[in-house]
Every structure is written in structure tokens, then in C-alpha cells.
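The following note sets out points for a colleague who is reading the sequence beside the model. Each point may be checked against the coordinates.

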Amino acid sequence: MTKDPENIKAMLSTQFNDFILGRHEMVEPLLGDGIFSLDGEGWKHSRTILRPQFAREQVGHVEMLEPHFQMMKRHILKHSDGSPFDIQDLFFKFTIDSATEFLFGGTCGSLRDESIAESGGEQIVNGTDFAKCFNASQLYTNTRILMQWMCIFWNSKEYKRCNEVVHKFADHYVDKVLKMDPDELDKNSSSKYVFLYELAKQTRDPKMLRDQSINILLAGRDTTAGLLSFVFYELAKKPHIWSKLRKEIVDNFGCDTNDTSNVSALSFESLKKCEYLKAVINETLRLYPSVPKNFRVPIRDTTLPRGGGEDESSPIFLPKGSMVAYNVYSMHRNKDVYGENAEDFVPERWFDSNVKNIGWNYLPFNGGPRICLGQQFALTEASYVIARLFVKVA
Ligand code: HEM
């Protein structure tokens, strides 16, 4: 196990070709063969075809989030009498609803329910709930990753059933897109950005379309919902940070009670200019990185730069096939880098030039060739939701 930035940099970047993710067997029942599960040539191919989908034009499309935000807002306003509610639950529902719309062109509608007088989301699979099954499948998959090669023993009927529901949901949209002729596909994709439509212009392989979409859903959903939840966990405890952030947002976008005010001013560009908002997000991802621990497997005998010798500052030998776990959560709380208040939530530290340039000591989105493809997408979505809550609901 390591939390040394030099070792992590070696695995993710300078010695990238010596290591693989090594998790295909553990995640395959849910994820199949996609960018998040594959290594080697399969991964390279996935990255090549998926990268164009994360160009700035796509990630800038915040309008798509608004209808889902409206649903979430209605749940929040049920508690305008001051009664408590779990905002984390709402963020997880918000992110799966918006992600399924972005990826498949149809939302699973988990925020729609009787309490806000809305009927449920698209019922593609009889009597089953895609969002619930996706959550359950992820939990099983996580345990399989912890079990490593013993994952073969964690393969219950329930896991298989949940994976089937998830696959069926994706297949419904894949079938739909494959039935479109090229003109129809062009027409549909020019009226609204849908990930699956764009991918279908590059491949007609139904398994590839399904697997890559589910891989992106898994990569992008919990990570963003976790970030939003931890932002509000900290803001709830720190009124001075809440006020400072609110002031920045209100100064930039206004805050009136009329539903049509400044919301259209919230864009990729304008949100990027909110420096304190960026600092709050950076600080949240420092203390609560969405991917707190991870691992890599060497595919040949190799070394890592630190951990060997008497004082552990010399290279250390790694036999082929051994597993190296790395812990970003711990690394982000290193007092030598962040100072004595490393455990405290202090967004202001991000205005200190020493902390700004800490390179491999700060790694919420990973680094090197497998750096997160959705970083800008996630930061835009999270910024939109945070700002939107201040502009309207505050
Ligand atoms: C706060 C939100 C997010 C965080 C903290 C985050 C973090 C990460 C990390 C640490 C990895 C590396 C995982 C590994 O190699 O084992 C990763 C990979 C990836 N992320 Fe994100 N992510 C976030 C949101 C998103 C979103 C919204 C999307 C897409 C819409 C996305 C797409 C991806 C993809 C496709 C990969 C795989 C890249 C590859 O292996 O080449 N992520 N992310």
C-alpha cells in the first residue's frame, strides 16, 4: 500500500506501461467491456472513440440539467417548514436522472414520485426500477473488487437479476438508436445532444454501445453525487463559508424569487469565473475524494521509486502480478503538504500559490493517460447545482 505521490505518479504516468487496472474480472458482469473495465488495446480504443464526446461543447450544455433540478427543487420545497430531509438521497437521484438523459436520451426519472404529484420514470422494464437495480449492482461490484480473485464467489442471483435490469434499460435505448436511419440519427442528434446518438455514428455494435454507456454512467454518477453531498455536509457546519459562497453567487447571478431570473446566465464559462466556488469544490475533493482508494497491478517485474531500503526512500521491487493499493484520501491529508490544518475544511487555502502548485499531491481525478475523461463535465454539473441552489432556493 502506498500514499506516496512519487509512487502514484510512477504507476499512473511515468511507468504507465508497467501496470494495468486488473479489475476486468471483478466488474465484467455489470460493466462488460468498456473504458472503465478494460486494459491494453481495448482501453486505448475505448478512450479514442469516447474522448471526442467530452469536448467543451458537450460539457457546456447546462440547460439539460434544469428540468431535473426543478424536480429536485420540488422535493426540497416540501420541507420549507424547516423539517429535516436527506439531501444526499436527492443528489443521487438527480445525478442518475440527468446522466441517463445525457447518455441515453431518456431519463430513468427516479425523482418523480407521488409526493410531488409526478408519475414514475420511463417504465421500460416491467415492475422493476432501473435506478434501484443500478445502485444494488454497484454495491455488489464494489464488494467483488474488495474480494479480488475471490469475486467468483460473490455472484448471487440477485446480482445477476439487477445486472439484467440495468442491461435491459440500456438495450432499450441502444435498439432505438440502431433502428434510426442515418438521416433520422442526424436530425435527432442536431436537436439535442445524446451520447448514444453520437457514439452510434462511430460504431453499430450493440454490445459496445451498451457497455460504454454503462461504463460512463458508473464513472460519472456516484462521483458527482458524492461531491455534491460532501459540499453541503461541510457548508451546513460552516455558516461563514456558506455566507461567503452565497455572496459570490448572488453577486454574479443575482438572487430573486422570480423563477425566470438570471438562471440563463449560469453557463460553463460564467461558472468557471466563480473563484470561491472553485475553491470550495477543490477543498471538498481534497478531504473527500470521490475515488478515495484504488489499485494497480504490475504486468512485469518492476520497481516503484520509494518504499525500499532501511529508511524506505529507495526504490522497491514489485513482482509481476502483485497488487499495489494507493490511497488518495490519506495523501490529501498530508500535513507536510497542506500544513497543520490539513484535516480542516478551509477553501481559502486554494488561493495560496504553494497549495495551487502541488502537482501529484492532489489527485481527485487521477493523472496520466487514464485521467478522468469527465472532469470538466463533473465540475460544470456540480457548480451548476450548487449555484442554482443559492440563486433560487436560498
Ligand atoms: C466529481 C466527479 C468525478 C470524480 C472525482 C472522478 C474521478 C475519476 C477518477 C479518480 C478516475 C480514475 C479511475 C481509475 O483509473 O481507476 C476517473 C476515471 C474516469 N472518469 Fe471520472 N470522476 C468524476 C466524474 C466523472 C464524470 C461526470 C464522468 C462522465 C460523464 C467521468 C468519466 C470518467 C471516465 C470515462 C473515466 C475512465 C478514464 C479511463 O480509464 O481512461 N467521470 N474519474
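1. A residue is called buried when its relative accessible area is under 20%, exposed when it is over 50%, and partly exposed in between, using a 1.4 Å probe and protein chains only. The model is predicted: local features need pLDDT of at least 70, side-chain atom pairs count only at pLDDT 80 or more, and totals for chains, interfaces and linings use all residues. Residues are numbered from 1 along each chain as its sequence is written, and side-chain values use heavy atoms, with hydrogens and water left out.

2. Overall form. The protein has 18 helices and five strands; helices (H or I, at least four residues) and strands (E, at least two) are DSSP runs numbered from the N terminus. Its radius of gyration is 22 Å, close to the 21 Å that the globule rule gives for 394 residues, so the protein is as compact as a globular protein of that length. That radius is taken over C-alpha atoms, and the rule is 2.2 Å times the number of residues to the power 0.38. The C-alpha trace spans about 65 × 50 × 40 Å along its principal axes.

3. Burial and surface. Of the 394 residues, 49% count as buried. The protein exposes about 18,800 Å², of which carbon and sulfur atoms supply 53%; accessible areas come from the Shrake-Rupley method with a 1.4 Å probe, and for residues only the protein chains shown count as cover. Among contacts (heavy atoms within 4.5 Å) between residues at least 6 apart in sequence, 73% join residues at least 24 apart.

4. Helix 2. Which residues of helix 2 are buried? In this helix, residues 24–31, they are M26, V27, L30 and L31. Seen down the helix axis, these buried residues fall within an arc of 95°, so they line one face of helix 2; the arc is that of the directions from the helix axis to the C-beta atoms. An α-helix has 3.6 residues a turn, so residues three or four places apart point the same way. The cover over the buried residues of helix 2 includes helix 7 (130–147), helix 8 (157–179), helix 11 (206–237) and strand 2 (293–298). G32, with a positive phi near 60°, follows helix 2.

5. The iron site. C372 (SG), at 2.3 Å, is the only protein donor of the iron atom of the ligand. Donors are N, O and S atoms within 2.8 Å of the metal (3.2 Å for Na, K and Ca); water is not among the atoms, so sites may look incomplete. C372 belongs to the loop between helix 17 (353–356) and helix 18 (375–393).

6. Other cysteines. The structure holds zero disulfides, a disulfide being a pair of cysteine sulfur atoms within 2.5 Å. For C108, the nearest cysteine sulfur is that of C133, 11 Å away. C108 counts as buried at 8% relative accessibility, and C274 counts as buried at 1%.

7. S189. This residue is in helix 9 (residues 182–191). S189 is buried, with a relative accessible area of 11%. Not counting residues up to four places away in sequence, S189 touches Y197, E198 and K201.

8. Q148 has a phi near 50° and lies in the loop between helix 7 and helix 8. Q148 is buried, at 19% relative accessibility. N366 has a phi near 65° and is found in the loop between helix 17 and helix 18. N366 is buried, with a relative accessible area of 17%.
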